[in-house]
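Trainee: Hi! I have a new structure open and could use a hand finding my way around. Could we go through it together?

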Amino acid sequence: MSLADINVDFWINCSGKTSLLQPLWDNLRLNYRDYLRSPLFPIVLTVSSYFVFCIPFLVFDIMGDRWEKVQRFKIQPSRRPTASTLMHCASVTLYNHVFLVLPASVAQWAWRPPVDLPDEAPSLLELIAGVIGNLLLFDFQYYIWHLLHHRIRWLYVTFHAIHHNYSSPFALATQCLGGWELLTVGFWTTLNPVILRCHLLTTWTFMVVHVYVSIEDHCGYDFPWATSRLIPFDIYGGPSHHDVHHQKPNTNFAPHFSHWDKIFGTHADASFTSATKQIKCK
């Protein structure tokens, strides 16, 4: 078989005629059908992903200067989370999930029948486009929501202020949120794939990716492999841009991408954090 034939076969598979993801999807739906059909599965998936993705950054913070090669990527090297701040964020996160997310999930379980699993998997291109589409839609929704909660003092004090207890964000602060904010974020994350009519595999992939990039935005480290460095033309914000938001709260409201902040004049360049880092290191 020639290289041209291989390329043709690859793009035929990507286009959905015979999905590259079909073997994976067949394995999941045939061997784990009862688990995947449960309305509780997305909750278990996102919560477990959250704590798993937090662990490496938590280790980096705990090790501190003992891992100099890691700490040189710290955005605010003079500010590290203490044991009490880590425990506070972990307790708030657990409280919200136990007393808010779990009851809502159980109610959904009682209200909604188990979901049907389609026989066919999405094509690879459909999955990638669906994940990007969901991220872009969420980015717009949260930009408006976030902006309003900074502009209207009652909303800020009542719901959002807890997230700004720390001017130097870290991974466990990602979901250190008021209950209203966490439920709102969860609502959009669940609703958007329905709006975009995504395959369940695309939906679950989006949820996991969304959890990761949210943690990455708050991790406090600007690694060379950060999503913002992999996507060109400064269209993706990343940890440095969100770090600016925690230092200058009236800027950089979009959670992931940078275009809404640039359009509406709320963008602040990440060079602010670089300058701050240089001053503190002297």
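**Salt bridges and rings**

Mentor: Happy to! Let's begin with a charged pair: the side chains of Arg29 and Asp26 meet in a salt bridge, 3.2 Å from N to O. Keep in mind that this is a predicted model.

Trainee: Where do Arg29 and Asp26 lie?

Mentor: Both are in helix α2, three residues apart, which is about one turn of the helix.

Trainee: And is Arg29 buried or exposed?

Mentor: Arg29 counts as buried, at 15% relative accessibility. Asp26 is partly exposed, at 24%.

Trainee: How many salt bridges does the structure hold?

Mentor: Seven. Another one of them joins Arg80 and Asp65, at 2.6 Å from N to O. Arg80 is in the loop between α5 (68–71) and α6, and Asp65 is in the loop between α4 (41–63) and α5, so the pair links parts 15 residues apart in sequence. Arg80 is partly exposed at 30%, and Asp65 is exposed at 51%.

Trainee: Okay, new topic: rings. How many aromatic pairs are there in the whole structure?

Mentor: A search finds 23. One of them is Phe138 with Tyr142, a stacked pair with 5.8 Å centre to centre and 10° between the planes.

Trainee: How far apart are Phe138 and Tyr142 in helix α7?

Mentor: They are four residues apart in helix α7 (residues 124–151), so about one helical turn separates them. Phe138 is buried at 3% relative accessibility, and Tyr142 is buried at 9%.

Trainee: What about Phe159 and Trp180, how are their rings arranged?

Mentor: Those two form a tilted pair, 5.8 Å centre to centre with 45° between the planes. Phe159 lies in helix α8 (residues 153–160) and Trp180 in helix α9 (residues 179–195), so the pair ties together parts that are 21 residues apart in sequence. Trp180 is partly exposed, with a relative accessible area of 43%.

Trainee: Which residues form one aromatic cluster?

Mentor: Phe57, Phe60, Trp67, Phe73, Tyr221, Phe223 and Trp225 form one. Look at Tyr221 too: Lys74 lies over the face of that ring, 4.7 Å from the ring centre.

Trainee: Nice. Now Asp261: which helix is it in?

Mentor: Asp261 is in helix α13, residues 259–264.

Trainee: What is the nearest side chain of opposite charge to Asp261?

Mentor: Arg151, but it is 8.1 Å away. Asp261 is buried and has no salt bridge. A salt bridge needs a nitrogen and an oxygen within 4 Å, so a gap of 8.1 Å is out of range.

Trainee: Then what does the side chain of Asp261 make a polar contact with?

Mentor: The side chain of Thr266, at 2.5 Å. A polar atom of the Asp261 side chain also lies 2.8 Å from the backbone nitrogen of Phe253. Beyond four places away in sequence, Asp261 touches several residues, including Tyr143, Asn252 and His267.

Trainee: One more stop: where is Leu21?

Mentor: In the loop between α1 and α2. Leu21 is buried, with a relative accessible area of 14%. Among the residues Leu21 touches beyond four places in sequence are Pro122, Leu127 and Leu201.

Trainee: Last one: which residues is Thr93 in contact with?

Mentor: Leaving aside neighbours within four places in sequence, Tyr50, Phe51, Leu172, Gln175 and Cys176. Thr93 is in helix α6, residues 83–111, and counts as buried at 1% relative accessibility.

Notes. Residues numbered from 1 in each chain as written. Predicted model: local features only at pLDDT ≥ 70, side-chain atom pairs only at ≥ 80, totals over all residues. Heavy atoms only, no water. Helix = DSSP H or I, 4+ residues; strand = E, 2+ residues; numbered from the N terminus. Buried < 20%, exposed > 50% of the residue type's maximum accessible area, 1.4 Å probe, protein only. Lys, Arg positive; Asp, Glu negative; His and termini not counted. Polar contact = N/O pair within 3.5 Å; in protein donor to acceptor, adjacent residues only side chain to side chain. Contact = heavy atoms within 4.5 Å. Phe/Tyr/Trp six-rings, centres within 6.5 Å; stacked < 30°, edge-to-face > 60°. Lys NZ or Arg CZ within 6 Å of the ring centre and 35° of its normal.
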